Amino acid sequence: NSKVTQREHSSEHVTESVADLLAHQEPVDYKRSVLNVTGETWDKQKEGDEDLDAENRPAWNSKLQYILAQIGYSVGLGNVWRFPYLCQKNGGGAYLVPYLVLLIIIGLPLFFLELAVGQRIRRGSIGVWNYICPRLGGIGYASCLVCFFVGLYYNVIIGWSIFYFFKSFQYPLPWSECPIVKNGSVAVVETECERSSATTYFWYRETLDISNSISESGGLNWKMTLCLLVAWSLVGLAMIKGIQSSGKVMYFSSLFPYLVLVCFLVRGLLLRGAVDGIMHMFTPKLDKMLDPQVWREAATQVFFALGLGFGGVIAFSSYNKQDNNCHFDATLVSFINFFTSVLATLVVFAVLGFKANIMNEKCVVENAEKILGYLNTNVLSHDLIPPHVNFSHLTAKDYNEMYRVIMTVKEGHFKELGLDACLLEDELNKSVQGTGLAFIAFTEAMTHFPASPFWSVMFFLMLINLGLGSMIGTMSGITTPIIDTFKVRKEVFTVGCCIFAFLVGLIFVQRSGNYFVTMFDDYSATLPLTVVVILENIAVAWIYGTKKFMQELTEMLGFRPYQFYYYAWKYVSPICMAVLMTASIIQLGVSPPGYSAWIREEAAEKFLFYPTWAMAILISLIILASLPLPLVFILRQFHLVSDGSNALSVTYKKGRMMKDISNLEDNDETRFILSKVPSETPSPMPTHRSYLGPGSNSPMEMSSAPNGRYGSGYLLASTPESEL
């Protein structure tokens, strides 16, 4: 049944592949044979290492550990302090509609795609994209660079949370009151604090000791430097053994935030005014759904919430067994991420509703005192005060009635009175996000909680765990592909990476460091990652082929994925991502490149433009993160570096046969060796059946060979380089 026999009995040409020629041959150890084409010396230790890498890739201890790792990576600080802000800003409950729609048509398909290629090829981002399309191998390197940039400033936020965590073990909380300073023999309240608020002062002055602009470095803040060192030490310890150590950390870092959020929700719902906040949050403003800006921001949030393009998703998935149901994983993690965002939004606005009521009552009391002063000095007549109003028990409703009467009667001179409306709606409409929400608004609300230190400790421990889970995924996006590609020692590289990142990260713990955090957050990732994900989609759907990819998934999963994914990968996702990239570029061009600076003398924030040197850094970040994409393409397109596209490498080893075929072009000579027509060429994805002639058994079906995983007489390694 061999093709040799066919050739002898047939006048027609029979194409013989390398697999055909070798199918009935004994395995040869070429390095120890007389003929050594490459001239390499045989290294028993190296061979053992390669065997170990091929067969014993680390794996998750359990499916639960893997799911928790993906949840811990995708559910991060953005779910707590970005999603609620966007929800409030973009129409309340109405914002959930575009978010959910875009999650289904962009987020889920692309998340599934990354999980699938990682699990199938079992490599980090560099290895995966080098394998699928060598000319687009720069995708993996760009992902690593973006992970590095994001990890630099993300760990600074964990450092801030660590500082607040340790400061929470005291009563009263240190940000509950303004500090008293002595001016000679007189004790006065700190001016900067008095003109802002106690929590704002503690954040900007006690924590950051912030300078007035990005140009004023001010030297290192030693407290924040120490906290950053602790943060990188935690990340290093969690990552030192790869998934063996980080997987165990995920049991706590992924589950603990949910415990805290549920506790905060229960406690928040019992607070006065919590319902006001939640009602304000979810009251839909349907007209907002027609605003393109709302859809752009929803798409961006979906994109970053799932961690697409960073390489962390691929890295985690690469440690799975090949028959794992990654479609179920993608759906589960995507919707857990969504419901976590909704849960966090409920918590945030329950607490902010309570805070708004406290601030509104404070406003009523202060303005009532002003009115009493005007009544005593006869600026206002007692006839203007409704008879049922009692100043000793003044409600917000009574004050609003009194306010409207005074405004109507004193219309010409009303502004001179300096009275505020004290509307609850105005307090609830004050949009806060990011550090402003976590370190100012939320901390201020917690000072009014009974047992406030306990809730503060829980809140900042939650932030540390949310950040740590995301940092482990981000660092895996760097360590996994580098270790897979360059075979460096895991422990040495992880420790070296953390030390280097800490040293570079010192730029963020100088007194102007917060401004650099803002710069990196705004510009280092958005555009490069959007380009990366578009190219990932194109590489799989258009270069490799959606039909072929769907067939590979069918073999891997044991069932054919829904046809929805075919159209999503081929048409919907690329178009939507291209529109998002265009909108992001327009937004970058329209929005002035600047930052909010804290001016000490004014005790207020002020928008400033970046100086020329800062603009140069900003542009360099975007260019540097995107540079590997064209660079690798040019190097491989013009054959300045080898990509394996015009050469067939067959390696014989004792007890195994390995080969590496990647990105064969239509006119490659090797294609005619492998098959008659391009469609018959082996897929670059793993595990294919080689043709052994009519009536013969497939290698998958043979089970008599003692050394074969599939009984083919050769031991086929489970890594992509070794599959036939």
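Residues are numbered from 1 along each chain as its sequence is written, and side-chain values use heavy atoms, with hydrogens and water left out. Because the model is predicted, local features need pLDDT of at least 70 and side-chain atom pairs count only at pLDDT 80 or more, whereas totals for chains, interfaces and linings use all residues.

The secondary structure of the protein comprises 29 helices and six strands, taken as DSSP runs (H or I over at least four residues for helices, E over at least two for strands) and numbered from the N terminus. Of the 724 residues, 55% are buried; buried denotes under 20% relative accessible area, exposed over 50%, and partly exposed the range in between (1.4 Å probe, protein chains only). The protein exposes about 32,000 Å², of which carbon and sulfur atoms supply 62%. Accessible areas were computed by the Shrake-Rupley method with a 1.4 Å probe, and for residues only the protein chains shown count as cover. Among contacts (heavy atoms within 4.5 Å) between residues at least 6 apart in sequence, 77% join residues at least 24 apart.

Eleven salt bridges were found in a search of the whole structure, the criterion being a side-chain nitrogen of Lys or Arg within 4 Å of a carboxyl oxygen of Asp or Glu. In one of them, the side chains of Asp209 and Arg511 meet with an N to O distance of 3.6 Å. Asp209 lies in the loop between helix H11 (198-207) and helix H12 (222-239), and Arg511 in the loop between H23 and helix H24 (513-523), so this pair ties together parts that are 302 residues apart in sequence. Asp209 is partly exposed at 27% relative accessibility, as is Arg511 at 23%. Both residues also belong to a network of salt bridges that links Glu192, Arg205, Asp209, Arg511 and Arg600.

A salt bridge is also formed by Lys241 and Glu491, with the closest N and O atoms 3.8 Å apart. Lys241 is placed in the loop between H12 and helix H13 (243-269) and Glu491 in helix H23, so the pair ties together parts that are 250 residues apart in sequence. Lys241 is partly exposed, with a relative accessible area of 44%, and Glu491 is partly exposed at 24%.

Glu361 and Arg272 form a further salt bridge, at an N to O distance of 2.4 Å. This pair links distant parts of the chain, 89 residues apart: Glu361 is in helix H17 (residues 326-376) and Arg272 in the loop between H13 and helix H14 (274-282). Glu361 has a relative accessible area of 40% and is partly exposed; Arg272, at 44%, also counts as partly exposed.

On the surface, Trp542, Ile543, Tyr567, Tyr571, Val572, Ile575 and Val579 form a nonpolar patch with about 680 Å² of accessible area together. Patches consist of residues with over 30% relative accessible area and no salt bridge, nonpolar side chains (Val, Leu, Ile, Met, Phe, Trp, Tyr) being joined within 5 Å and like charges within 9 Å. Helix H25 (526-557) and helix H26 (563-590) each supply at least two residues of the patch, and the largest share, five residues, comes from H26. Tyr571 is located in helix H26 and is partly exposed, with a relative accessible area of 39%.

Two packed helices are described by the angle between their axes and the distance between the axes. Helix H27 (residues 612-626) packs against helix H28 (residues 628-637) at an angle of about 35°, with the axes 5 Å apart. The axes are lines fitted to C-alpha atoms, for helices over the stretch in contact, and angles run from 0 to 180 degrees between N-to-C directions. In this pairing, Leu624, Ala625 and Ser626 of H27 meet Pro628, Leu629 and Pro630 of H28. The contact of H27 with H28 has five nonpolar residues, one polar residue and no charged residues; Ala, Val, Leu, Ile, Met, Phe, Trp, Tyr, Cys and Pro count as nonpolar, Asp, Glu, Lys and Arg as charged, and the others, Gly among them, as polar.

Some backbone features occur in loops. Tyr171 and Pro172 are joined by a cis peptide bond with omega of about -5°, and Pro172 falls in the loop between helix H9 (138-167) and strand S1 (180-183). Lys487, a residue other than glycine, has a positive phi near 55° and is found in the loop between helix H22 (452-486) and helix H23 (490-504). His639, likewise not a glycine, has a positive phi of about 55°. His639 sits in the loop between H28 and strand S5 (649-653) and is partly exposed, with a relative accessible area of 47%.
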